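Colleague: Could you walk me through this one? I'd like to begin with the ligands and then move on to whatever else stands out.

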Amino acid sequence: MVRRGFAGVKLPALPARPAVAHHGGMQQQASSLATLAQACIHCGLCLEACPTWQLTGREDMSPRGRIRAMVDAGRGEVPVATVLPAVDACLGCRACETACPSGVRYGAILEGARAEVLEPARPWSWRRMFWRPLIRQVLPYRRRFALLMLPVRLIARLPGARAFPLFGRLSAMLPPTRQLPEAPNSPAVPQDARRAVLLEGCALPVLYPGVVSASERLLAAAGYRVARPATGCCGALEAHDGATAAVTRRVSRVFGALDAGVDVVVTEAAGCGAHLKAHRPEDGPPVLDLAEALLQAGWQPRVKLTGPSGAPLRVAYQDPCHLLHGQRLHEPARTLLERAGAEVLPVADPGRCCGGAGTHAFLHPGAADRLGQAKWDDLAVTRPDVVVTANPSCQMQLDAARRGSGGHLEVLHLTELLVRAL
Ligand code: SF4
Ligand code: SF4
């Protein structure tokens with residue numbers, strides 16, 4: 001379905017594929033990409049699910065067009081520089097995977113192409129000089145990230161900062177610094193309880209520290225023995241930036257930091273969960289999204305969530321793409337909310353990305369604004385008491401859209417709401 005505000009267009013015919021030519025070292029990468037891409041039968045059923053195709057109506061901004069472009073670049077048939085703009089504009093939301101009848105693993109193709117073909121050949125540019133060091137050397141390290149946030153918050157508040165697209169986007173998206181509510185004592189947990197490691201990640205403790213403490217309390221209330229070892233970043237942002245060696249190192253470090261006997265690794269950020277599920281070593285403990293972990297443990301609320309009138313709290317839940325498409329988890333959050341007495345409202349087009357998408361909103365502020373506003377409109381029209389999501393970049397993006405609309409609704413992470421039912 002092509003939605004209001006988005007372009008509805010006829011699909012251009014696919015150009016004939018040129019003859020295969022091999023170019024030295026690119027041959028191997030080309031063959032692995034081409035193998036993954038072979039599953040694509042060019043049917044085009046993914047196009048209408050793709051937010052960038054909806055915005056532009058262009059074949060090169062569709063999953064099908066991008067797959068072809070990445071394979072052709074891997075074969076050396078087109079220069080990397082000509083492919084980069086359309087691939088960079090991809091949100092990595094993987095809505096195309098959900099829509100694809102042929103089982104194409106678009107996320108794997110994108111990650112492989114970035115690592116093996118696109119990033120090594122990226123010409124000097126603002127993105128390479130500024131974003132690459134930021135994504136690889138600052139954001140994965142919590143202290144560096146927190147230090148960076150100090151001047152960034154100050155600059156973003158300066159009059160005139162909004163005239164610069166990056167600082168305009170930052171001042172719109174950065175959540176206010178929050179005072180952590182004092183946590184009550186956690187309930188006593190038996191020694192033989194299941195042991196969960198809560199992966200804090202790098203962004204959440206800096207941007208939304210209340211989410212981490214709420215998650216820990218919920219897991220303990222569900223009967224887990226919870227630990228938060230210093231695992232460091234899981235490497236999800238670097239995977240989106242094509243830094244394969246760093247990703248392997250970070251995933252090894254996460255699982256190497258776990259004691260023997262850990263039963264589950266739990267994430268409360270959809271992007272980290274999808275990434276770790278894809279890269280988990282075979283002998284490592286299973287990775288669960290927090291909602292899955294609570295459901296598995298049979299979590300029950302102590303009080304019901306109610307709205308201002310005393311009726312069940314009306315919740316508009318926004319599915320993070322890395323839960324819905326990346327982990328195929330649609331029900332767990334809704335089940336928990338209903339168990340806590342909330343009324344979960346039907347939201348139109350739940351599979352369409354909100355435009356947050358990790359660092360994408362900062363790199364493509366125009367598309368992010370349009371997608372964020374469209375998503376906010378779909379959520380707000382349900383007249384909820386609260387908007388809920390489960391990923392930090394979605395929460396920032398929805399909060400920015402709310403502020404842009406002059407609304408006063410709360411935008412909460414799932415755990416920030418569920419903890420009110422303890
Ligand atoms: S990941 Fe999202 S934005 Fe990228 S091609 Fe697929 S549907 Fe489109
Ligand atoms: S990715 Fe899937 S849905 Fe899209 S064109 Fe290829 S086979 Fe069809």
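Colleague: How do the residues of the shell around ligand 2 divide into nonpolar, polar and charged?

Modeller: Bearing in mind that this is a predicted model, the shell around ligand 2 divides into 9 nonpolar residues, 3 polar ones and 1 charged one.

Colleague: And which residues are the closest to ligand 2?

Modeller: Of the 13 residues that surround ligand 2, the closest are Cys40, Cys43, Gly44, Cys46 and Cys100.

Colleague: What kind of space does ligand 2 take?

Modeller: Ligand 2 takes the space of the largest cavity, whereas ligand 1 sits in the second largest cavity.

Colleague: OK, ligand 1 then. Which residues are around it?

Modeller: Around ligand 1 there are Cys50, Pro51, Pro63 and Arg66, then the run Cys90, Leu91, Gly92, Cys93, Arg94, Ala95 and Cys96, and finally Tyr106. By class, that shell has 9 nonpolar residues, 1 polar residue and 2 charged residues.

Colleague: Which helices each supply at least two residues of that shell?

Modeller: Those are α3, which covers 63-74, and α5, which covers 95-99.

Colleague: Tyr106 turned up there, and α6 starts with it. How far does α6 span between its end C-alpha atoms?

Modeller: Helix α6, residues 106-118, spans only 15 Å between its end C-alpha atoms, while a straight helix of 13 residues would span 18 Å at 1.5 Å a residue.

Colleague: Is α6 covered or open?

Modeller: Mostly covered, since 10 of the 13 residues in α6 are buried; among them are Tyr106, Gly107, Ile109, Leu110, Arg114 and Leu118.

Colleague: Which of the α8 residues are buried?

Modeller: In α8 the buried residues are Phe145, Met149, Val152, Arg153 and Ala156. As background to that pattern, an α-helix has 3.6 residues a turn, so residues three or four places apart point the same way.

Colleague: Changing topic, what about His275, buried or exposed?

Modeller: His275, whose place is in helix α14, residues 270-279, counts as buried because its relative accessible area is 7%, under the 20% cut-off. A polar atom of the His275 side chain lies 2.9 Å from the backbone oxygen of Cys234.

Colleague: And Arg370, where does that lie?

Modeller: Arg370 lies in helix α19, residues 365-380, and at 43% relative accessibility Arg370 counts as partly exposed. The C-alpha atoms of Arg370 and Cys354 are separated by 8.9 Å, with the two residues 16 residues apart along the chain.

Colleague: Last topic, backbone angles. Which residue has a positive phi of about 45 degrees although it is not a glycine?

Modeller: That is Asp349, with a positive phi of about 45 degrees, found in the loop between β6 (343-344) and α18 (360-363). Asp349 is partly exposed, with a relative accessible area of 23%.

Colleague: Which residue has a positive phi of about 55 degrees, again although it is not a glycine?

Modeller: Arg383 has that value of about 55 degrees, and Arg383 lies in the loop between α19 and β7, the latter being 386-389. With a relative accessible area of 64%, Arg383 is exposed.

Notes
Residues numbered from 1 in each chain as written. Chains lettered and ligands numbered in written order. Predicted model: local features only at pLDDT ≥ 70, side-chain atom pairs only at ≥ 80, totals over all residues. Heavy atoms only, no water. Near = heavy atom within 4 Å. 1 Å grid on protein atoms, 1.4 Å probe; cavity = no way out; pocket = protein on both sides within 12 Å on 5 of 7 lines; lining within 4 Å. Sits in = over half its atoms within 2 Å of the grid points. Nonpolar A, V, L, I, M, F, W, Y, C, P; charged D, E, K, R; others polar. Buried < 20%, exposed > 50% of the residue type's maximum accessible area, 1.4 Å probe, protein only. Helix = DSSP H or I, 4+ residues; strand = E, 2+ residues; numbered from the N terminus. Polar contact = N/O pair within 3.5 Å; in protein donor to acceptor, adjacent residues only side chain to side chain. Expected span 1.5 Å × (residues − 1).
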